[in-house]
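Here's a quick briefing on how two chains meet. Have a look at the model first, then read on.

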Amino acid sequence: METTTIETGRLYGLKRILGSATAYFLLILSILPILVGYAWLLIATFSYRTEGLFPIDAQGNIGGWTLRNWSFLTDPQIWRVTLNSLGIALGMVVGVGFVSSLAGYGLSRMNFPGRKAFLSLTLLLHAFPSVTLLIAIFFVLKFISKIPGLGPLFGYNTLGGVALVMVSLELPLGVWLMKGFFDNISWDVERAALIDGASRFRVWWEIILPQIKPGLAALAIFNFLSGWSAFLIPFTFTVGSKVANLPVYLRQLMSETAPTNWNQIAAVGLFQLIPVLIFFLFTQELLLNIYTGGAKGGV
Amino acid sequence: MKVELVNLTKRWGNVVGADHITLEIEHGEFVAFLGPSGCGKTTTLLMIAGIYKPTEGLIKFDGKVVNHLAPKDRNIGMVFQSYALYPHMNVLQNIGYPLKLKGVPKQEIRKRVQQVANMMGIGHLLDRKPAQLSGGQQQRVALGRALVKQPDLLLFDEPLSNLDARLRLSMRSEIKRLQLELGITSIYVTHDQVEAMTMADRIAVMKDGKLQAYCPPDELYDRPRTLFIAGFVGNPPMNFINVEVVQEDGEYHARAEGFDLVVPSERGEKAAGRGRVIMGVRPEDVCLADDGIPGEIYVVEPLGRDDLLNVRIGEASIHVLADPTLNLRIGDTVRLRFNTHKVQFFDPQTENSLLWTD
Ligand SMILES: Nc1ncnc2c1ncn2[C@@H]1O[C@H](COP(=O)(O)OP(=O)(O)OP(=O)(O)O)[C@@H](O)[C@H]1O
Ligand SMILES: [Mg+2]
């Protein structure tokens, strides 16, 4: 009797191990192409040439490691474009975060004429592909350039101008997202705060915002990523290398006349990827939490 | 503080939340708003708090119209059914928040919060977050937060309906005791008539946004002015029987099929000669007696201390409380005696009382 239970117990354990082994196997299989891609990228940045995954030297033998591709790190230009990328990303985090959390609150909590129309219009705006707006935006930026004071900050070919355009294109989605998060906060908590003696603004700042921190964090992360890797807008509305960001710098490396050093491009690409990877490492728990149902806990 | 509502009305389009409510609450009085779900209790309360703007009518505090005063300038404490604690703040911060908003110094806040928390029996929980508290403890925090700023008016919106029956009982008496001790004018919204009856000095009964009655509990119980109040107040609810009241040989008889009851003339004369009227009699005013009117038991519901019998006499169905040791069964015949000094009569059309309308 006893031996049989032990036997079945063992069998059960074996089954479980086999079960999880299959799961892992399938998971690894499915991410294999991506892993290979990353490995390739990494290897390419440290070699003269690669053939498949293998670095080869001038004679075509395996070997030929080099740090040559990373020499761009000593170029002050890379640090300037990195700073520009960071500027655009942070500009988006702050700009979109601030405006959408205020607008979302208003749209979620207050009744005013035109509220419904505004909401549907925002959704419509979000559906517009930004490419179709490029020419119109160009004229707007040109116009801003002519305004004294604002021109040098937010005009054509300025970092501020790029950030402004990116922020406004992201706002429709941001406002909707935030409105959704505010909709989930109980009215009673807000009413309690009003009765306790808080002004509307204080309620927003001290009571409501802390409760949608996960939502704010999600918005910030998405905006940071989209600002960090922005290409179309900076590429279209900047000229020269002073206000270029990383993706634009990458594009500039692909010259039309001289042969392109693809291994250097891989290195710059990897360089651009590093902060994102680190960022993900620290925020993945938060992101997962958001994907699986938003804010949790609380009363 | 004395509170007056004058024709207070709230409408959203054609949805009516509160409909011309007029009443006065004396200083230090404990008033209950009683009514079924959706009758406008919360709406009225939120208008008094300044959260909803009245569509019509006036709210007066101590004779001054406060319609346009912001909630923060009304010095009101409110307890919500959902507790509405601030989930990201601990108990100390929750209770202290109204004081912080008033600009009270930190030391002083701590002292006063500790004092209130001790009074509520949650003094040892000050650094817990609301999510780490039981429902009863959260309720006390909410109460503490409403009390800490020493409000002129306390509003309760069904504060006990999320608690279990035993806790509800003890919190009920605790709230009542606190209110008496502090002497703060209070409005207590509930749909539980026992709560209203036991706690309130006066009860405002509401239905479909309208004020049905506003009087002390015993009057509400003994002299219901409408059919709705008679049926809503009291547990188990009042029995209603369609009868015709006729005068014969100087006596008043309430008659229906299989049913003939002599009623006192001061009650009977008001219902006589009107054709069909509705007679109301509470289950506790009916008892089993050998010389009573015979009927057949239709349902037996054991309540523990009593059995609740549903007895059929003709077309009428009457609830009676009976001693469980009698071991009555469905189908048995019992005889019922009615305490005729407590019977009520209502007009079936207007549903108003024939006895107590002036
Ligand atoms: N913001 C609102 N917009 C439209 N109608 C509303 C609003 N708030 C309440 N109502 C309506 O007003 C009526 C009264 O609602 P109220 O919340 O005051 O009921 P209540 O007596 O508190 O009920 P309960 O016991 O269920 O809490 C209901 O018919 C409700 O649907
Ligand atoms: Mg309510």
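What follows covers the interface and then the nonpolar cores.

This is a predicted model, where local features need pLDDT of at least 70, side-chain atom pairs count only at pLDDT 80 or more, and totals for chains, interfaces and linings use all residues. Residues are numbered from 1 along each chain as its sequence is written, chains are lettered from A in the order in which they are written, and side-chain values use heavy atoms, leaving out hydrogens and water.

**The interface**
- Chain A puts 18 residues into the contact and chain B puts in 25 residues, with contact meaning heavy atoms within 4.5 Å.
- Together the two chains bury about 2,000 Å², 65% of it on carbon and sulfur atoms; that is the accessible area (1.4 Å probe) lost on being put together, summed over both.
- Two salt bridges turn up across the interface (a side-chain nitrogen of Lys or Arg within 4 Å of a carboxyl oxygen of Asp or Glu).
- A:Glu206 pairs with B:Lys100 in a salt bridge, their closest N and O atoms 3.6 Å apart.

**The cores**
- The largest nonpolar core has 69 residues, and A:Ile207, B:Phe61, B:Leu153 and B:Leu155 touch the most other members.
- A nonpolar core here is a set of buried Ala, Val, Leu, Ile, Met, Phe, Trp, Tyr and Cys residues joined through side-chain atoms within 4.5 Å, buried being under 20% relative accessible area (1.4 Å probe, protein chains only).
- Another core lies apart from it, with 47 residues, including B:Leu133 and B:Met171.
- Leaving aside residues up to four places away in sequence, A:Ile207 touches A:Val189 and B:Tyr86, among others.

Terms used. Buried < 20%, exposed > 50% of the residue type's maximum accessible area, 1.4 Å probe, protein only.
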